[in-house]
Amino acid sequence: MKSGNVDPPSDFIKFIYEYLSDTQQKTNMMFKRLQENQVLLINKLNQLSLDVEYLKNDVRLESSTANHVEFYQSLEESELIKKVKFPDWLDLTEKEPVEIQYITEEVGSNESKIMQVFADIINNKQCIVKYTSEVFDSIKPYLFTLLPKTLDVDKLIRKGKNIGILPLCLGFIEGKCLFDNSNKRKVEKLTTEDKGQALFYACKVLEQFRPLKHCMVALTNYHQIIFMKAVRRYDGIYYIESDPITLFDYNSNNNNYSSDGWAYLCSMLKKCVDESHIVLPKIEDIEPLSLTKLNVVEFLGRGNTSIVYGIDAIQSGCFSNKKIALKLFYKHKEKSVDHECKIIDILKEKGIKNVPEVIKKTETFVLLKRYNKLASPSPQQANQLIDALEEIHRLGFMHRDIRPDNIMQDDDGTVILIDWSFSLTKEEAKSGCGFTGTIAFSSDRYLDESSEYRETDDCESLLKYLYYWDNAKLRKRLYNLREFTEQQKRYHTSRIWKDVEDVPFVKALELIRNDSNPYDALRTFVKECYELNKVVNEM
């Protein structure tokens, strides 16, 4: 027999080749993720440096009289201020009297006293006032923030959650109190610096909280009052300013006093409540809870239809010490209350445990059980979510807004899919209803066509959600789009997802779009990502 080397079987060669290729691919992906994390850390440090500079600039700007004067003059030069004799956006029909003697008797001592007296009078109206230094940690102590009377927000204010306070702001009153050396009040004209400071603050509020369409401000020295309004339009922010109007005549001996300035101020307080961009809780909806106010303690987030707060329900003793979430809906989104609760009730009846618990529903708000945030779900939680979505689709419902903020977890780790405001049945989706949802996590087909919504669109959103937690660089890129316009978000979001080259994601996305079994595709994606992450962690 002839001796020599024996050629290995072709199957063995193929196995070795596939193993080496797979190992090379995983090595490349691990190296790529290490690079992404390095870039993310560098970007984070740069962003923190910028934030520090912005804070320094804000302090300089707010503390500089010259800058407030320049700000007001620049508005005048650009013709962005419309000056009117009377504030025509307010009503003068009902004049409510005020006991002016109470003010004149109590005020003579110091500046803070007149502030407190004035706040006490306003607190008898439909809203309450808080000093801006308490609410926004501002260096200006004489600005009042108007807040809904049915919400107790003291704990929220103490936590310094400005982003949570802004949605509740109804308007502002700027007080300019002047005294001479003998502590007797001097009545002086309101200056350009006063006006610039008030309008600058209104501008700043509109810039920080985009859902607000306008911001009303009253500027007073407690003798005269000027009413201002900052209005957001498609091409920028514009301002309206009234002439000075008499608020209190301190020479009057009439104890049952009224004036145009006071009537306009009462109208402003009422309109601030009526024109709030959210549906405010009504006292008749709160009374059955054995409360006069809802004690807001934490801002949890906001979506396309509502704002959500954590509230302290222990004081009422009626909810078994559960953690409670208060959901306030935007104006013109009130129908979402009934729709969302109806869908949740149906799914609960069908045995779906991955939907939130509704504790109480009223015409103005919903109380829900509060859940914990879920970051980077485990493979078990990911599969639990896939199973739940498959069953929900089998029952004929689609969520239409699957994104990180809408996926929570219970104390035992059960995944909870919240915010069913946009959900539809299959039959309702066939008629086409225009685009709703979150651009960053919508399917490309639905984002482009905004036509009939399909079950596979939910599956693609879920795939993007799962990959979102698996890629730090992508999270950073999507986060940077938060201040973009809707058109800009559509363009950049599409490019961001098209740049993803990771094989498990691309393969799962193709299977979902080809109407293969999308749930199996999602499960395979979870398995492959888990195995890859396990290899990375063991290195």
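The model is a predicted one: local features need pLDDT of at least 70, side-chain atom pairs count only at pLDDT 80 or more, and totals for chains, interfaces and linings use all residues. Residues are numbered from 1 along each chain as its sequence is written, and side-chain values use heavy atoms, with hydrogens and water left out.

I begin with the protein as a whole. Of its 539 residues, 47% count as buried, meaning under 20% relative accessible area with a 1.4 Å probe, protein chains only. The accessible surface, by the Shrake-Rupley method with a 1.4 Å probe, comes to about 28,000 Å², and carbon and sulfur atoms contribute 49% of that. Taking contacts (heavy atoms within 4.5 Å) with a separation of 6 or more, 65% join residues 24 or more positions apart.

Let me turn to helix α18, residues 503-513. Which of its residues are buried? They are P504, F505, A508, L509 and I512. Viewed down the helix axis, these buried residues fall within an arc of 125°, taken from the directions from the axis to the C-beta atoms, so they line one face of α18. Just after α18, D515 adopts a positive phi of about 60°.

Finally, the cysteines. The structure contains 0 disulfides, that is, pairs of cysteine sulfur atoms within 2.5 Å. C341 is buried at a relative accessible area of 6%, and C459 is buried at 0%.

Terms used: Buried means under 20% relative accessible area, exposed over 50%, partly exposed in between (1.4 Å probe, protein chains only). Helices (H or I, at least four residues) and strands (E, at least two) are DSSP runs, numbered from the N terminus.
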